Amino acid sequence: MKPKLRQGRIVDILRQRERISVEALADLLSASRETIRRDLNELADRGEVRKFHGGAMLPEPAGEGDFSSRLSEAPAEKRAIARAAAALFHPGESLLVDAGTTTLVFAEELARRSGLTVVTNCLRIAQVIGQGPGDNRVFVIGGEYQPDVGETVGALAAAQIAGFNATHAVLTIGGLVAAGAYDFQIEEAGIARAMVAQAQHVTVIADGSKFNRRALFQVCRLEEIDRIVVDRPPDQVLTDALADAGVEVIVA
């Protein structure tokens, strides 16, 4: 196996296992330990892995950029996801919607529909739906204001969310792995967890860049998600994990 191909396989394995020993990699890839060590040295020099004694792991996630820059990423994919997701909801239903670039685009599509009640901690989303062509009711969650995203977070926000019993929670996430959905910010993960607890059904909307992406704070386990709306199918490992958890995968 050529070095570049083998090194790519090492990164793929680490995305599934997060950390692994040199011996295990050598067995999996039918290569010598010396070859694996050279590969890990090269990957570490490029910042793709982090070495520890006897093995390697993925580097700590760097986090996300500011809201404006993230909003410009994968616009076509986010629009397709938003349109497919908005079509899933019907008059008379209530939605808890968290703050994020994908949920903001989703709100633009949802605003064309009518008869919905939307509860959100994002002022941008509230404004888009409240001023949209549809006839929908909007509740805004209060709390500590974060100006970059235009969202409210913290204990006050979580306490207000606890006062609702919604049909759906619609969430955007930082990463989706076999262990569940994760976020980069502890405050945003806390809001998402509060919404999951107060919803009968949970829908996650995310583009394919979130697959097997590591973030620090767990939002929920896969078993707590009813469906995900994505722009492309996940890899086989994540697909199997979603199927085992009973999660419906909708590809926009």
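**Entry 1: a nonpolar patch**

I looked for nonpolar surface on this predicted model. I found a patch of about 270 Å². Leu123, Val140 and Tyr145 make it.

I then picked out Tyr145. Tyr145 is found in strand β7, which covers residues 144–146. Is Tyr145 buried, partly exposed or exposed? Its relative accessibility is 45%, so Tyr145 counts as partly exposed. A residue needs over 30% relative accessible area to join a patch, and Tyr145 has 45%.

**Entry 2: domains**

Next I checked how the chain is divided. I noted domain 1 at residues 3–57 and domain 2 at residues 67–251. How far apart do the C-alpha centres of the two domains lie? I read 35 Å.

**Entry 3: salt bridges**

How many salt bridges does a search of the whole structure find? The search finds nine. I followed up three of them, one at a time.

*Arg33 and Glu23.* These two form a salt bridge, and their closest N and O atoms are 3.9 Å apart. The cut-off is 4 Å, so a pair at 3.9 Å still counts. I looked up where the partners sit. Arg33 belongs to helix α3 (residues 33–45), and Glu23 belongs to helix α2 (residues 22–29). The two residues are ten residues apart, and the pair links distant parts of the chain. Arg33 has 44% relative accessibility, so I wrote it down as partly exposed. Glu23 has 32%, so Glu23 is partly exposed too.

*Glu109 and Arg112.* Here the closest N and O atoms are 3.5 Å apart. Which side of the pair is buried, and which is exposed? Glu109 is buried, because its relative accessibility is 10% and the limit for buried is under 20%. Arg112 is exposed, because its relative accessible area is 59% and the limit for exposed is over 50%.

*Asp207 and Lys210.* This salt bridge has its closest N and O atoms 3.1 Å apart. Asp207 is at 6% relative accessibility, so it counts as buried. Lys210 is at 9%, so Lys210 counts as buried as well.

**Entry 4: a network**

I went back to Glu109 and Arg112. Which residues are linked with them in a network of salt bridges? I listed Arg79, Arg83 and Glu108. Together with Glu109 and Arg112, these residues make up the network. I marked the buried Glu109 and the exposed Arg112 on my sketch of it.

Conventions. Residues are numbered from 1 along each chain as its sequence is written. This is a predicted model: local features need pLDDT of at least 70, side-chain atom pairs count only at pLDDT 80 or more; totals for chains, interfaces and linings use all residues. Side-chain values use heavy atoms; hydrogens and water are left out. Domain bounds come from an automatic or database domain assignment. A salt bridge is a side-chain nitrogen of Lys or Arg within 4 Å of a carboxyl oxygen of Asp or Glu. Helices (H or I, at least four residues) and strands (E, at least two) are DSSP runs, numbered from the N terminus. Buried means under 20% relative accessible area, exposed over 50%, partly exposed in between (1.4 Å probe, protein chains only). Patches are made of residues with over 30% relative accessible area and no salt bridge: like charges are joined within 9 Å, nonpolar side chains (Val, Leu, Ile, Met, Phe, Trp, Tyr) within 5 Å. Accessible areas come from the Shrake-Rupley method with a 1.4 Å probe; for residues, only the protein chains shown count as cover.
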